[in-house]
Amino acid sequence: MTTASHPAEHHHMMGLTLRNTAMGVGIVFLLVGVLGFIPGITTNFGAMTFAGHESGAMLLGVFQVSILHNIVHLLFGVAGLAMARNPRMARLFLLGGGAVYIVLWIYGLVINQGTAANFVPFNTADNWLHLILGVAMIGLGAWLGRDAMDETTTARRKM
């Protein structure tokens, strides 16, 4: 009779842990935040505003950005790196950050993009990216978070 290995063994072999996944996501957010301030990578750079739907800057020519939008990416990246220090906080970053992105997706769908409500700003490409990020972060936090939950349960049983 064979026994099934624990799912954690498989993603640990792939290098997927809560900590390094949160760190990787944080690094990506930092990179996106920095790239948003680089002319050429951000088209119409001179049309960037601090905030609001009037910003004409487009990261990679696709995603509408502003100074505020770039700062939010940088702060999200810093949070990811800081929270990656322990598994429970890394899980919270992935689950909580994913939830924030789902809320941003919904917000982007219901607001009129040509009004002051679009203060970050978002465009259609941003909205769909927010959905993908939200689902991916929540999925990774839930999947990889099983390890942290298993470790907590095991530690409590030993007490």
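This is a predicted model: local features need pLDDT of at least 70, side-chain atom pairs count only at pLDDT 80 or more; totals for chains, interfaces and linings use all residues.

I begin with the record. An unreviewed UniProt entry places the feature "transmembrane region" at residues 21-41, 61-82, 89-108 and 128-149. In the model, residues 89-108 are 100% helix and 0% strand, with 27 Å between the end C-alpha atoms. For residues 21-41, the end C-alpha atoms lie 26 Å apart, and the span is 71% helix and 0% strand.

I turn now to the helix pair. How do the axes of α2 and α3 cross? Helix α2, residues 18-35, and helix α3, residues 67-83, have axes that come within 7 Å and cross at roughly 160°. Because of that angle, α2 is roughly antiparallel to α3. The crossing in which α2 passes α3 is left-handed. On the α2 side, the residues making the contact include Gly26, Ile27, Phe29, Leu30 and Gly33; on the α3 side, they include Asn70, His73, Phe76, Gly77 and Gly80. By class, the residues of this contact comprise 11 nonpolar, six polar and no charged.

Finally, the strands. Three of them form an open sheet in the order β1-β2-β3, with antiparallel pairing. The edge strands, each pairing on one side only, are β1 at 42-43 and β3 at 63-64. Strand β2, residues 58-59, pairs with β3 over two bridges in the antiparallel sense. Leu59 has Phe63 in β3 as its bridge partner.

Thank you for your attention.

Terms used. Residues are numbered from 1 along each chain as its sequence is written. Side-chain values use heavy atoms; hydrogens and water are left out. UniProt positions are given in the numbering used here, feature names are shortened, and annotations may be inferred rather than shown by experiment. Helices (H or I, at least four residues) and strands (E, at least two) are DSSP runs, numbered from the N terminus. Axes are lines fitted to C-alpha atoms, for helices over the stretch in contact, and angles run from 0 to 180 degrees between N-to-C directions. Angles under 35 degrees count as roughly parallel, over 145 as roughly antiparallel, 65 to 115 as roughly perpendicular and the rest as oblique. A crossing is left-handed if the near helix is turned anticlockwise from the far one by less than a right angle, and right-handed if clockwise. Contact means heavy atoms within 4.5 Å. Ala, Val, Leu, Ile, Met, Phe, Trp, Tyr, Cys and Pro count as nonpolar, Asp, Glu, Lys and Arg as charged, and the others, Gly among them, as polar. Two strands pair if DSSP finds at least two bridges between them.
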